[in-house]
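Trainee: I have a structure open and would like to learn how to read it. Where do we begin?

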Amino acid sequence: MQGAPITPDRWHISLYPVFRGPHLPPEVIASSTMIGEALRFEQFELKLDRVMSYQNKRRKKPFVVCAQQPSMHIDRLVRLMVETFAVLSGGPPRAASRISPHITLVWDRKIIPSQAIDPITIPVTEIALVHSHVGQSRYEFLGRWALVP
């Protein structure tokens, strides 16, 4: 692979996009912060046991470490986030797409087929509100909340 590896300080697992667009409105930050503070969810472990390139329409593809099986903990956490957003906004729950937990390791033109690896177990102890500055390789942490031990 020729791409520069993504440094560990930028590793994350995206769960629920609260906004898509170039300028994050202050009201989205405020409501997302309220939700982060309101959420109560137990800590858990996430097992990642595959590596592969994700297919997309870009020239470079993300090479990721991921889970072969869906995570019931991630699914429950996302469902709780969707329901909490709905309660606080007063609207119906917004449909959440199926989450495929993964960590992007590098963006590269080379496509690597899915392959099993020895499992990597990650303790999930917090959630964060992160503003991704798309195309700038920069993440801004706007809030972090501990999960219940």
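Mentor: With a definition: two strands pair if DSSP finds at least two bridges between them. This is a predicted model, and in it strand β1 (residues 44-53) and strand β4 (residues 115-124) are joined by seven bridges in the antiparallel sense.

Trainee: Which residue in β4 is the bridge partner of Leu46?

Mentor: Ile122 is the partner of Leu46.

Trainee: How many bridges join β1 to strand β2?

Mentor: Four, and the two strands run antiparallel; β2 covers residues 61-66. In β2, Val64 stands opposite Met52.

Trainee: Is β1 mostly covered or mostly open?

Mentor: A general idea comes before the case. In a regular strand the side chains alternate between the two faces of the sheet. As for β1, seven of its 10 residues are buried, so a residue there counts as buried when its relative accessible area is under 20%. Across the chain, buried residues make up 34% of the 149 residues.

Trainee: Which residues make the nonpolar surface patch?

Mentor: Met34, Val87 and Leu88 make this patch, of about 300 Å². Val87 belongs to helix α2 (residues 72-89). With a relative accessible area of 67%, Val87 is exposed, because exposed means over 50%.

Methods:
Residues numbered from 1 in each chain as written. Predicted model: local features only at pLDDT ≥ 70, side-chain atom pairs only at ≥ 80, totals over all residues. Heavy atoms only, no water. Buried < 20%, exposed > 50% of the residue type's maximum accessible area, 1.4 Å probe, protein only. Patch = residues over 30% accessible without salt bridge, like charges linked within 9 Å, V, L, I, M, F, W, Y side chains within 5 Å. Areas by Shrake-Rupley, 256 points an atom, 1.4 Å probe, with all protein chains shown as cover. Salt bridge = Lys/Arg side-chain N within 4 Å of Asp/Glu carboxyl O.
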